[in-house]
Amino acid sequence: MNLKPGWLLLLSICAGVWSVPIDRNVGNQEAKEEEQEENADTGLYYDRYLREVIEVLETDPHFREKLQTANTEDIKNGRLSKELDLVSHHVRTRLDELKRQEVSRLRMLLKAKLDSTNVQTLQMDHASLLKQFEHLDPHNQNTFEAKDLELLISTATKDLENYDAERHEEFKRYEMLKEHERREYLKGLDQEKREREEKRLQELQEKHRQHPKVNAPGSVAQLREVWEETDGLDPQEFNPKTFFKLHDTNEDDVLDEQELEALFTKELEKVYDPKNEEDDMMEMEEERLRMREHVMKNVDTNKDRLVSLEEFLKSTEKKEFNNPKEWETLDTKPVYTEEELQRFEAELRDKEEELRRKADNLRQEQELLKERGKALEAQRREYQQAVLEMSQRQKEQQAADGQPPVGPNGELLFQPEAQKLDAKEAKAPAEHGAEAQNNLPAEPPQNLPLHT
């Protein structure tokens, strides 16, 4: 999905995307752009809903025209949302369908969350629970209205502004966990092995620090290097305007955050190599984020998270463009203090203790279920034995009383011996009748002549 400048002004949609180097090979460029676009993700939990709404709105000519002429303030203050009433019917119908799908998805998330916390509820109040999601109107769960678009814009803008800070915090926790695991690993070794491993790790850290000088991002030295090595052009013919046009890959007349981050690949390759044990690719992406923030701080004067051609050219006229401060990479100083690490380790211990308690409770419940299962199995066998004994006593009692045997439900049972006896008794009278008939005197012959 191609995002127009208006949506880029609104959301800076590529804020959280891992950037890739720009390949000037024309044959592969289109495929790379498609792959890059498919993998783009804002990091928001409603990212898919956001993108689908944008895609549907862009199919309406009237709304697309208004979007192209809108500025940042028109988008943020909600004036653009009022144009929703003028879009075509099929667009509104599709937006209604998207909202119902999103509400259904959120309901499933809420149910899964309640199930995981073992909260017993007779009836779930979805309207109240949906209020915790700010990107849609929870009171109207069936149609997409202007208020929904306004909420989606304001929430996405706010969340994207906080996204970089959350990424920094996530990286800090990653680094603290890595240091914690390193210390725990060394504790488990004997003194000789520990000293040998500590020496090896220190050598790896020192090897990582031995890298070429990294140019300050956005400086003339850094841009000339991209111009020469990536674009394959003569560094003496460097032209800022031409450089801007070359790296505006989607030709929307602005450099978004993804296009900016792609410019730093050559600098990052000086420090990080995925083949080296001492180089951490998570640290490389944090370095890329720091570089992008540095450029945005110095170039993006209207704070719309985009760099226009005018802003870019003005930045090349600043003193810092030609004489920047030396860029300090992540290996120059830690991203956390020892106090922060100690608090983090205390949190880990508390979580591990909580997990142990839960594991113990689960084991106890499992043992209890096993005991209950054994008790139920014993009761089942006792019941079967009692039924068998009762049936045997009934048979013995019936035999003593001369009654025909009956089944467990009182039905008469089929007995082959009794059937044979009945057959013999029925056959005896028949034979006796035949014998008696044979002993009768013979009748006189008929039609004999009379004697006179």
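Glu134 counts as partly exposed because its relative accessibility is 42%, a value that, like the others here, comes from a predicted model. Glu134 forms a salt bridge with Lys158, and the closest N and O atoms of the two are 2.7 Å apart. This pair links distant parts of the chain, since Lys158 lies in helix α8 (residues 146-187) while Glu134 sits in the loop between α7 (126-129) and α8, 24 residues apart. Lys158, with a relative accessible area of 37%, is likewise partly exposed.

## A buried pair and its network

Asp164 forms a salt bridge with Arg305, with 3.8 Å between the closest N and O atoms. Here too distant parts of the chain are linked, for Asp164 belongs to helix α8 and Arg305 to the loop between α14 (281-299) and β2 (307-308), 141 residues apart. Both Asp164 and Arg305 are buried.

## Helix α9 and a loop

Lys207 pairs with Glu278 in a salt bridge whose closest N and O atoms are 3.8 Å apart. The two residues are 71 apart in the chain, Lys207 being in helix α9 (residues 191-209) and Glu278 in the loop between α13 (265-269) and α14. Lys207 is partly exposed at 49%, whereas Glu278, at 15% relative accessibility, counts as buried because the limit is under 20%. Salt bridges with shared partners also join Asp164, Glu257, Glu261, Arg292 and Arg305 into one network.

## A negative patch

Glu228, Glu229, Asp234 and Glu237 form a negative surface patch. Among them, Glu229 lies in helix α10 (residues 220-230) and is partly exposed, at 47% relative accessibility.

Notes: Residues numbered from 1 in each chain as written. Predicted model: local features only at pLDDT ≥ 70, side-chain atom pairs only at ≥ 80, totals over all residues. Heavy atoms only, no water. Patch = residues over 30% accessible without salt bridge, like charges linked within 9 Å, V, L, I, M, F, W, Y side chains within 5 Å. Areas by Shrake-Rupley, 256 points an atom, 1.4 Å probe, with all protein chains shown as cover. Salt bridge = Lys/Arg side-chain N within 4 Å of Asp/Glu carboxyl O. Lys, Arg positive; Asp, Glu negative; His and termini not counted. Charge placed at Lys NZ, Arg CZ, Asp CG, Glu CD. Helix = DSSP H or I, 4+ residues; strand = E, 2+ residues; numbered from the N terminus. Buried < 20%, exposed > 50% of the residue type's maximum accessible area, 1.4 Å probe, protein only.
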